Amino acid sequence: MDTQKKDEKALVVLTQGQLKDIYEKAAAIGANEALKTFRQEQEKEYSRRADRRLRNTKLLLRNYRMLKEHAENSVFGRTQMEESALDILESMMSMYDNEVIIESIKRSATRTAVIVSHIETMFGLYAAYCDKSPNRDIEMRRYEVLWDMYMAEDTLSAKEAAEKQHVSKDTVYTDIRMATEKLTALIFGVDGLNVQ
């Protein structure tokens, strides 16, 4: 008899209204979960793009002197180009290999000159920002450290920059990180910001 009870199935009768209510609740739950998953993926992608932009800013800074020299000494003439600095930078976002990125920029003298000019212009804006900052001394030090280590004709090592600024090497590395984050926002525009 116990076996018979286990095999029996209960018959449940629902009205059309009850079925509709169940469907609507299930649909709402499914839609909320899908939206939540979509937002999480969107945040991950935004974070990945911000990370790539920061990485690409560091790459541009490390290679700035070489790119500048390439643009100045190229035997190929510079031609009028419709591609903007932001177009070139955006094309970098889908590349992950540092050498491929630099070779892509060096592909033409004009393209290289556009990027070098953009970096220099944004560095000028960064200097103006630092000069007007309420924390002028700290921000100008960060600017000078970044300039001395990447942009100057004769670049300095972290140790030399620390000695010049009368700070520790740890402070120099913090200054580089903070300055690079701000410079990324300038180089890449508002998309360069890593806002959470």
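## Burial and surface

Buried residues (under 20% relative accessible area, with exposed over 50% and partly exposed in between, 1.4 Å probe, protein chains only) make up 34% of the 196 residues in the chain. The model is predicted, so local features need pLDDT of at least 70 and side-chain atom pairs count only at pLDDT 80 or more, while totals for chains, interfaces and linings use all residues. Residues are numbered from 1 along each chain as its sequence is written, and side-chain values use heavy atoms, without hydrogens and water.

The accessible surface of the chain is about 13000 Å² (Shrake-Rupley method, 1.4 Å probe). Carbon and sulfur atoms hold 53% of that surface.

## Overall make-up

The chain has eight helices and zero strands. Helices (H or I, at least four residues) and strands (E, at least two) are DSSP runs, numbered from the N terminus. The order from the N terminus is α-α-α-α-α-α-α-α.

Contact means heavy atoms within 4.5 Å. Among contacts in the chain with a separation of 6 or more, 70% join residues 24 or more positions apart.

## Helix 5 against helix 8

Helix 5 spans residues 109–132 and helix 8 spans residues 169–188. Their axes come within 9 Å and cross at roughly 120°. Axes are lines fitted to C-alpha atoms, for helices over the stretch in contact, and angles run from 0 to 180 degrees between N-to-C directions. Helix 5 and helix 8 are therefore oblique to each other. The classes are roughly parallel under 35 degrees, roughly antiparallel over 145, roughly perpendicular from 65 to 115, and oblique for the rest.

From helix 5, H118, M122, F123, L125, Y126 and Y129 meet A179, K182, L183, L186 and I187 of helix 8. The residues of this contact divide into nine nonpolar, one polar and one charged.

## Helix 6 against helix 8

Helix 6 (residues 136–151) packs on helix 8 at an angle of about 95°, with the axes 8 Å apart. That makes helix 6 roughly perpendicular to helix 8. Helix 6 contributes E139, R141, R142, V145, L146, M149 and Y150. Helix 8 contributes T171, V172, D175, I176, M178, A179, T180, K182 and L183. The residues of the contact of helix 6 with helix 8 divide into nine nonpolar, two polar and five charged.

## T184

T184 lies in helix 8. T184 counts as buried, at 1% relative accessibility. The C-alpha atoms of T184 and M122 are 9.2 Å apart, although the two residues are 62 residues apart along the chain.

Note on methods: Nonpolar A, V, L, I, M, F, W, Y, C, P; charged D, E, K, R; others polar.
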